Each structure stands twice: as structure tokens, then as C-alpha cells.
Amino acid sequence: MGVLWTGLLLLAIGFAAANGRLAALTPAALDAARAAVTLALGLAGVMALWLGLMRVAEEAGLVRALARAARPLLRRLFPEVPPEHPAMASILMNVAANVLGLGNAATPFGVKAMQELETLNPRPGTATDAQALLCAINTASLQLVPATVLALRAAAGSQAPGEIIGPTIVASACGAVAAVAAAKVLARLRPLPPAPPAEGR
Amino acid sequence: MLRAALDALSVAAVPVLLAGVPLVAVLRRVKVYPAFLDGAKQGFETAVRILPALVAIFVALALLRASGALDAAAGALSPVLEPLGIPASVLPMILVRPLSGGGALGVVGDVLRSEGADSYAGRLVSVMAGSTETTFYVLAVYMGAAGIARYRHALPAALIADLVGFTAAIIVVQLMF
């Protein structure tokens, strides 16, 4: 990200110099910095509303309820994980927290799931199919309501900030299905090599 | 048909959650109001936390625009981008999204500001940001936590998911609006 950002800045300044537009850069930079702060502060109200509501959802046990509902599907997606293994519980909570958009709760569950899956790993240090799948699912967005984007749209003065919710859910679902399909197909194409023989000393 | 269903979903999602979540919580004897206030406190923190990234991205994109580089890139790439339905202003999204969550929000904010929240570009960039994740960050955190050095197919699978998510965003936004 650092290289990309620096590259963008250098590109802009080089381009402006070549075009004789250097004079436009200073006001543009200052104006943009100010606009960023206005927008960030405009987010605060919607984010407070949303995070408050999601805390209520958490305390009402909605994450657990959702995790229970997702269990049959996730057992099928992770057949190599024993259903009663602690890794399964962490995977369920991770997915449920993601669906509710509770990023702060989803990450610790996901990290725990990865560590518990590692205890089932015949080749520690090399990702198992289950670990790769869990990562792929987490890199596809599962959240139902994209609260931060909604907040940005409201702060930017959209007439209908919520009109993107339905389309976002469809696009997210496509991404999630693609993540699972890609992980499953790639796992079959290049299977995990068998465990190395135990070193007898 | 799909359009009507998605419109209904967009309209109903927030009101249903706003009414339903507190109702379920009250029925389960949760102290709803203190819980709400406790969570809402983080709203301001969130705004402050993403502020630095918004400034960084806004300034970079404003400079690119003021220098004429964004227009030049748009002109050069338009034969490729236009048939794909990608406005040039949305291009930075595809570059930044997998790398930085705050950066992606910065791109969303920049497009909403420069093209309008209810423009095609504004809607597309919103759906793209909402339907994908910060792939490299997630992989680094999750794999790192388990001490895994060899990711095997996790990265290609995740990038395929991003690509499908972006493509689906373009198709759905064109169908819907």
C-alpha cells in the first residue's frame, strides 16, 4: 500500500509538471484533506446508530442463533473437520459474526478457528484445505448490510443511501460462492502432499 | 422481478433490523438501552479511525485528478474499460480494495464526492466496496495467527472471489439502475 500510495503521488506530480499544472496541485491537496475530514465526521452518526444496534444484536444472542442456523451448511463445506471439534464452533461463530457485519468479533473467532484447524494439520506451516477455504470465505464479504458504505453515502448526501443494499447482497453472494468453488476446485487440482514420515531419532 | 425483490430488500433491511433487533433483545430480557449506548460509543471512534486513510486517499486521488493524470488514464483505458462498464473513476477501487480497507473507503468517498452519490459510478463503487474484502490483510492476519507460511491455493481462491464480486457488482448495478 505504501508503494502504491507513493507511486500515485509521484505520478500525479510528474504528470502535473509535464502538463504545466503544478499550480493546481496545492489547492487540490488542501481541499481534499479538508473534505476527507468532513466526510469522516459525517460518518460518525450513522456508525454510532449501527454499532449500537449491533451490540444489542450481540447481547440478544443473534450471533449464536445465526451460527446454529449455518451449521448444516458449514459441516458440509468442511467435511474434514470433526463436527464436535472446537475448530467447528469457531468457524461457525466467525461466519455468523461476518454475516452481521461484526468485524471486531469476526476476526478473533476466525483467528481462533485457524489456530484450532492447525492442530488438525498433518503438515504444520502449510495451509490445509480447510484453512484455505476459511480464508477464502473471509476474503469474500458476507455481511448483509454494508454499514460503513451506507454511512459514507449518507454523509455524501445521497438521496437514497440504502438503495445499494440489495445489489450488494447479490454481489457478495456471488463472491462468496466463487470463493468456495475456487477453494474446492483448486484443492482438488493441487492436493496437500501427505504428511512427511515421522523423523525417528 | 429480481429488480423488485432487490428494491424491497434495500428498502426493508434497515427498518426491519431497527425494529426487530431491539424487539428480540427485549423478549430475551437484554438491557437494550445500555447495550445500544455502549455500542454506539464506538461510532465516533470508527469515524476517527478511518479519517487518516480517507485523507491519504483523497489527497492522492485529488492530485491525480488535478494533474490531468486521471483523465489521461481514462482516455487511454476507455476502449478497454467502457465495454466492461467500468468508469475510470472506479478504477482505483479495483487496485486498492484488496490492499487496504480504509483506502477502499477513501476511494468510495472520492467517487461519491466527485461524481455524486447517486451516479452510476457512485453506486457501482458502493456495491464493489460492500461486496468484497481486504483480501491481503485478511490472509496475512489469519495465516499469520496460525503460523502458516505456505498459503497454497488460498490467495488464488480469494482473488478469484474478488474478481467475481467486482464483476457481479457491475452486472447487478447495470441491471438495477
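Helix α2(A) passes α1(B) in a left-handed crossing, where left-handed means that the near helix is turned anticlockwise from the far one by less than a right angle, and right-handed that it is turned clockwise. Helices here are DSSP runs of H or I with at least four residues, strands are runs of E with at least two, and both are numbered from the N terminus. The model is a predicted one, in which local features need pLDDT of at least 70 and side-chain atom pairs count only at pLDDT 80 or more, while totals for chains, interfaces and linings use all residues. Residues are numbered from 1 along each chain as its sequence is written, and chains are lettered from A and ligands numbered from 1 in the order in which they are written.

Axes are lines fitted to C-alpha atoms, for helices over the stretch in contact, and angles run from 0 to 180 degrees between N-to-C directions. On the α2(A) side the contact is made by L53(A), V56(A), A57(A) and E59(A), and on the α1(B) side by L17(B), L18(B), V21(B), P22(B) and A25(B); two residues are in contact if their C-beta atoms, placed from the backbone, lie within 7 Å. By class, this contact of α2(A) with α1(B) has 8 nonpolar residues, no polar ones and 1 charged. In this scheme Ala, Val, Leu, Ile, Met, Phe, Trp, Tyr, Cys and Pro count as nonpolar, Asp, Glu, Lys and Arg as charged, and the others, Gly among them, as polar.

The view can now widen to the whole contact between the chains. Chain A and chain B each bring 90 residues to it. On the chain B side, the helices that each supply at least two residues are α1 (2-27), α2 (32-67), α5 (101-115), α6 (120-131), α7 (135-145) and α8 (154-176). The most comes from α2(B), with 25 residues. The side of chain B that touches chain A divides into 62 nonpolar, 18 polar and 10 charged residues.

Chain B itself has 8 helices and 0 strands. Its C-alpha atoms fill a box of roughly 60 × 45 × 35 Å, taken along the principal axes. Helix α3 of chain B (residues 69-84) has 16 residues and should span 22 Å at 1.5 Å a residue, which agrees with the 21 Å between its end C-alpha atoms; the expected span is 1.5 Å times one less than the number of residues. Within α3(B), a kink of about 75 degrees lies at S78(B), shortly before the proline P79(B). After α3(B) comes G85(B), whose phi is positive, near 80 degrees.

Two helix pairs inside chain A complete the picture. Helix α4 (residues 86-99) of chain A packs with helix α5 (residues 103-118) of chain A at about 155 degrees, with the axes 8 Å apart. This angle makes α4(A) roughly antiparallel to α5(A), a term for angles over 145 degrees. The crossing of α4(A) and α5(A) is left-handed, and their contact has 10 nonpolar, 4 polar and 2 charged residues.

Helix α6 (residues 129-139) of chain A and helix α8 (residues 165-189) of chain A have axes that come within 8 Å and cross at roughly 160 degrees, so α6(A) is roughly antiparallel to α8(A). Here the crossing is right-handed. Residues of this contact include A132(A) and L133(A) of α6(A) and A179(A) and V180(A) of α8(A).

Definitions and conventions
Parallel < 35°, antiparallel > 145°, perpendicular 65-115°, else oblique. Bend = angle between axes of the 7 residues up to and from the residue.
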